[in-house]
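The structure comes first, then the details.

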Amino acid sequence: MTDARTVLRGAVARLRDAAVEDAAGDARRLLEHAAGIGRGTLSVHLPDRIPPEALERFAQLVAQRAGRRPMAQITGCRAFYGRAFRVTRDTLDPRPETELLVDLALAAPFGTVLDLGTGTGCILLTLLAERPEARGTGTDMSLAALAVAQENARSLGTASRATFLQSDWFAAVPPGQFDLIVSNPPYIARDEMPGLAPEVRDHEPRMALTDEGDGLAACRIIAARAGEFLVPGGRLLVEIGHLQGEEAAGILSRAGLERVAVHHDLAGHARIVAANRRLA
Ligand SMILES: C[S@@+](CC[C@H](N)C(=O)[O-])C[C@H]1O[C@@H](n2cnc3c(N)ncnc32)[C@H](O)[C@@H]1O
């Protein structure tokens, strides 16, 4: 048997060769995962011998990471807003930037919420977990993603208040009005795709990333029909790319929504466009 320190050294070198950004951090996390060691506790186990089965598992995980598979797909899990979400090759890996959308959503009361393009369900299920009286619907075109969202709903104890629906944006959503509509749609323009990191470009579902156009197609559809599905005064929050603030705000204003605002993240980048349905 080989000790953890030696095994780790080899893995870090392999991930560095593959140009993995945080080679040391990822190697440590993968070894913890393979050896069933608690997250962040590897340091105390460094002198320990790693059993052959764990070594074998670790070698496979490192090979996947060297192929630039995202960490969340390898470990099957991502923390979002303090909760663990299952992630697969069929879902977008929830991003910390999206937590701003959740903060904005939670800044005002709501009883019903519609999440368009729910993916893992990270936005919808976080909102339901944070607001135990609320109910919500999550839609996605991907049945595989919806299955993951359903699994996350069960593990977070929110399944009885969440409905999932395969739908092309609003197309299959039954008529009705929500207090809040949220969406993190695919907003990357087609011509930006080649410049993305291999983890994203080659491993995340393409339909979760781009509309194959200018990145604002979903924003246009959502803005055009949001009024039908919002109560008077109801809120719309849509995540956008950092250069899309002005254009997205114009789309929402021209669709007749009011109190249109662009919210920026901590880095000062435009991140969310918000608006309300008119009261009357
Ligand atoms: C950027 S991901 C966001 C996933 C998740 N809400 C999150 O924030 O991590 C966009 C999601 O929209 C879904 N999607 C793409 N086109 C769609 C469409 N026409 N109608 C509904 N959902 C769509 C994708 O499958 C993907 O799950």
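## Ground rules

Contact means heavy atoms within 4.5 Å. The model is a predicted one.

L100 sits in helix α6. Setting aside neighbours within four places in sequence, L100 is in contact with H264, D265, R271 and I272. P186 is 86 residues from L100 along the chain, and their C-alpha atoms are separated by 17 Å.

L104 also belongs to helix α6. L104 is buried, with a relative accessible area of 16%, because the cut-off for buried is under 20%. With neighbours within four places in sequence again left out, L104 is in contact with R235, L237, H263 and I272. E56 is 48 residues from L104 in sequence, and the C-alpha to C-alpha separation is 45 Å.

## How α6 meets α7

Two packed helices are described by the angle between their axes and the distance between the axes. Helix α6 spans residues 99-106 and helix α7 spans residues 122-130. Their axes come within 10 Å and cross at roughly 40°. That angle makes α6 oblique to α7. The crossing of α6 past α7 is right-handed.

Which residues make the contact? On α6 they are L101, V102, A105 and L106. On α7 they are I123, T126, L127 and E130. By class, the residues of this contact split into 6 nonpolar, 1 polar and 1 charged.

## Aromatic pairs

A pair of aromatic rings is described by the distance of the centres and the angle of the planes. How many aromatic pairs does the count give? The count comes to 2 aromatic pairs. One of them joins F80 and F85 in an edge-to-face arrangement. The centres of the F80 and F85 rings are 6.1 Å apart, with 80° between the planes. F80 and F85 are buried.

F170 and F229 form a stacked pair. Here the centre to centre distance is 4.7 Å, and the planes are 15° apart. F170 lies in the loop between β7 (162-166) and β8 (178-183), while F229 lies in helix α11 (residues 217-229). The pair therefore ties together parts that are 59 residues apart in sequence. Are these residues buried or exposed? F170 is buried, at a relative accessible area of 1%. F229 counts as buried at 3% relative accessibility.

## R29 in helix α2

R29 is placed in helix α2, residues 23-35. Is R29 buried or exposed? R29 is buried, with a relative accessible area of 18%. Leaving out neighbours within four places in sequence, the contacts of R29 are R39, M71 and T75.

## Helix α12 and its cover

Helix α12 runs over residues 245-254. Which residues of α12 are buried? They are G245, A248, A249, G250, I251 and L252.

What covers the buried residues of α12? The cover includes α11, together with β9 (230-239), β10 (258-264) and β11 (270-276). After α12 comes G256, whose phi is positive, near 90°.

Notes. Residues are numbered from 1 along each chain as its sequence is written. This is a predicted model: local features need pLDDT of at least 70, side-chain atom pairs count only at pLDDT 80 or more; totals for chains, interfaces and linings use all residues. Side-chain values use heavy atoms; hydrogens and water are left out. Axes are lines fitted to C-alpha atoms, for helices over the stretch in contact, and angles run from 0 to 180 degrees between N-to-C directions. Helices (H or I, at least four residues) and strands (E, at least two) are DSSP runs, numbered from the N terminus. Angles under 35 degrees count as roughly parallel, over 145 as roughly antiparallel, 65 to 115 as roughly perpendicular and the rest as oblique. A crossing is left-handed if the near helix is turned anticlockwise from the far one by less than a right angle, and right-handed if clockwise. Ala, Val, Leu, Ile, Met, Phe, Trp, Tyr, Cys and Pro count as nonpolar, Asp, Glu, Lys and Arg as charged, and the others, Gly among them, as polar. Rings of Phe, Tyr and Trp (its six-membered ring) pair if their centres lie within 6.5 Å; planes under 30 degrees apart count as stacked, over 60 as edge-to-face and the rest as tilted. Buried means under 20% relative accessible area, exposed over 50%, partly exposed in between (1.4 Å probe, protein chains only).
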